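Please consult the sequence and the structure as they are shown here.

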Amino acid sequence: MKEIKFRAWYKHSKKMLEIIQINFIDNYLDYSDVNSENGIKRLLLKEVELMQFTNTYDDDKTEICEGDILFYDTDDGFRIGEIFSDSVFSGFRLCPRISYEFSFEDDEYNDKDTIEFVKKYNPEHKNFIIIGNKYENPELLEVVE
């Protein structure tokens with residue numbers, strides 16, 4: 001059974017929120033906040049960007065959501081891609097944004113910047129891993145702009 005879950009990026013405070021419930025009729029959501037009196041706060045939907053869970057996980061068993069940025073291995077190196085909602089196919093797709101020729105075994109392809117990037121974001125040499133999201137880590141996608 002498909003699990004329907006969301007998380008939200010609060011535009012004003014630039015923080016990711018853990019959603020408790022969403023009311024699409026009255027256009028608000030409740031989210032978890034340990035600093036509030038009852039542990040719950042409310043925001044209007046226009047104040048956030050919703051990101052739906054894709055019902056898939058990366059190599060660390062972390063939930064992959066719309067807007068996540070993934071590092072993934074290919075036959076000729078690795079790529080960085082962003083998860084998008086795809087209304088044509090009523091699902092999600094991984095859109096490659098950056099490609100690097102890279103080999104964990106062969107230094108011929110590996111320049112210093114690429115090696116540092118891989119050490120920082122994929123030190124355990126995993127094949128498919130979330131390295132951030134487009135709101136908290138936009139710099140991961142700036143290379144292609």
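## Basis and confidence

This is a predicted model, in which local features need pLDDT of at least 70, side-chain atom pairs count only at pLDDT 80 or more, and totals for chains, interfaces and linings use all residues. Residues are numbered from 1 along each chain as its sequence is written, and side-chain values use heavy atoms, with hydrogens and water left out.

The chain has a mean pLDDT of 83 (the predictor's confidence in each residue, from 0 to 100). Strands are DSSP runs of E, at least two residues, numbered from the N terminus.

## The S8-S9 hairpin

Strands S8 (residues 68-74) and S9 run antiparallel and are joined by six bridges; strands pair if DSSP finds at least two bridges between them. Two residues separate S8 and S9 in this hairpin. Leucine 70 has glycine 81 of S9 as its bridge partner.

In S9 (residues 77-86), seven of the 10 residues are buried, that is, under 20% relative accessible area with a 1.4 Å probe, protein chains only.

## Arginine 7

Arginine 7 belongs to strand S1 (residues 6-10). This residue counts as buried because its relative accessibility is 18%. Beyond its neighbours within four places in sequence, the contacts of arginine 7 include Met16, Glu49 and Asp68 (heavy atoms within 4.5 Å).

## Asparagine 38

Asparagine 38 lies in the loop between strands S4 (28-32) and S5 (40-44). With a relative accessible area of 59%, asparagine 38 is exposed (over 50%).

Terms used. Helix = DSSP H or I, 4+ residues; strand = E, 2+ residues; numbered from the N terminus.
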